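Here are some exercises to work through with the model open beside you. Try each task before you read its solution.

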Amino acid sequence: MLCGGSRVLQHLSDHNHHSSIGLGLGFCGAKIVQLSSFFLRPCQAMANSHHFSHKLHQRMISSYGSHCRAPGEIPILHNCFSQREDDTELPVEGLSPVSGGIVALGKFDALHIGHRELTIQASRIGTPYLLSFVGMAEVLGWEPRAPIVAKCDRKRVLTSWASYCGNRAPEEYEIDFASVRHLTPRQFVEKLSKELRVCGVVAGENYRFGYKASGDASELVRLCEEYGITAYIINSVMDKKQGSGKRDSGDSKDRGQVSSTRVRQALAAGDMRYVSELLGRAHRLMLRVRTQDMPSERMISVPRTSILNLPPGNGIYKACLLLVGDESSIPCTVVVDTSNIHVETEEVRLCNLDWSQEFRLLSVEFG
């Protein structure tokens, strides 16, 4: 079975442009409107390649799409806001976990509203997945840094997106970055088609891929067309506060889109309201807490070595919640300093919690 060819759709004119809520590398428009579309068969790819650059410089958004189809079949367009009963397929032994699915492409550090929008668009086409790369920092020699979302908390975040994705939570599929680092754009798309057997991809207009980021969205569309994969290119999700000078990320690639860099900067500044806007949820800090981390009945003091993701900048944060698994949420105040995270409650004695294990995994949600 081959998948449908690539499809690129024009956006509405600027005066009809809607506010977007999006995901990950800072992608996406939220409303889907079909003004025009074109469908190219693989044999047409070379003859029409000069059209791609022009089309992709326009504002683009994904639209109605087809699932995998037999060669020669006319793609069936269905309402992308509805979920078809036959969308969910049973896994077949020997196939990759994402076989037949629609994968969102990007760097999903923050799982922000841009990343969420990518999965929303993927879910309107088929079974949504996030294709994530692990080990990038080690391979590229980047300085180690804490993740924005703790690894143990990523599934919770993705599950919370189910209500946006037709009650179907997107799943994350991880690939070792070292195994794909040296792939050319063509080799990467070939891997998607022949090894992972995906049916389609969703990416933002600024997406880069392949060795040394040599491929762009235009090339992604062209190569996917050649390999029989449906490609959807969508608008960047713009930061509503981009007009403010203090929101400048300092990144030369930044065009005002929501990005993980902006989330990190907002956290460093302690602007938790802004962080929540970029994430589409409250920031949650995961803590490994031992009994000796309780200097009093109402306080926890955890060293930075015991936190699993990125805390906000030094300061005092009120109107927070201490979350104890599924048991309870406790109002608290959080103080962040250079060495520790201090959590103080007013109403509940922390020593009453179950400390039978060596440590407990607690979390703090910033209001």
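**Exercise 1.** How do the residues lining the second largest cavity divide into nonpolar, polar and charged?

*Solution.* This is a predicted model, so treat each step as a reading of a prediction.
Step 1: list the lining, which consists of Ile148, Val149, Asp153, Arg156, Val157, Leu279, Arg281, Ala282, His283 and Arg284.
Step 2: sort these residues by class. The lining of the second largest cavity has 5 nonpolar, 1 polar and 4 charged residues.

**Exercise 2.** Work out how helix α7 is oriented relative to helix α8, and which residues meet.

*Solution.* Step 1: find the helices. α7 covers residues 260–269 and α8 covers residues 272–279.
Step 1: take the geometry. Their axes lie 8 Å apart, at an angle of about 160°. Angles over 145 degrees count as roughly antiparallel, so α7 is roughly antiparallel to α8.
Step 2: The crossing of α7 with α8 is left-handed.
Step 3: look at the contact. From α7 come Arg262, Val263, Ala266 and Leu267, and from α8 come Met272, Tyr274, Val275, Leu278 and Leu279. These contact residues divide into 8 nonpolar, no polar and 1 charged.
Step 4: link back to the first exercise. Leu279 of α8 takes part in this contact, and Leu279 also lines the second largest cavity.

**Exercise 3.** Are α5 and α6 parallel or oblique to each other?

*Solution.* Step 1: locate α5 at residues 185–195 and α6 at residues 217–226.
Step 1: use the angle of about 50°, with axes 10 Å apart. α5 and α6 are therefore oblique to each other.
Step 2: the crossing of α5 and α6 is right-handed.
Step 3: Pro185, Arg186 and Val189 of α5 touch Glu219, Leu220, Arg222, Leu223, Cys224 and Glu226 of α6. By class, the contact of α5 with α6 has 5 nonpolar, no polar and 4 charged residues.

Terms used
Residues numbered from 1 in each chain as written. Predicted model: local features only at pLDDT ≥ 70, side-chain atom pairs only at ≥ 80, totals over all residues. Heavy atoms only, no water. Axes fitted to C-alpha atoms, helices over the stretch in contact; angles between N-to-C directions. Helix = DSSP H or I, 4+ residues; strand = E, 2+ residues; numbered from the N terminus. Parallel < 35°, antiparallel > 145°, perpendicular 65-115°, else oblique. Left-handed = near helix turned anticlockwise from the far one by under 90°. Contact = heavy atoms within 4.5 Å. Nonpolar A, V, L, I, M, F, W, Y, C, P; charged D, E, K, R; others polar. 1 Å grid on protein atoms, 1.4 Å probe; cavity = no way out; pocket = protein on both sides within 12 Å on 5 of 7 lines; lining within 4 Å.
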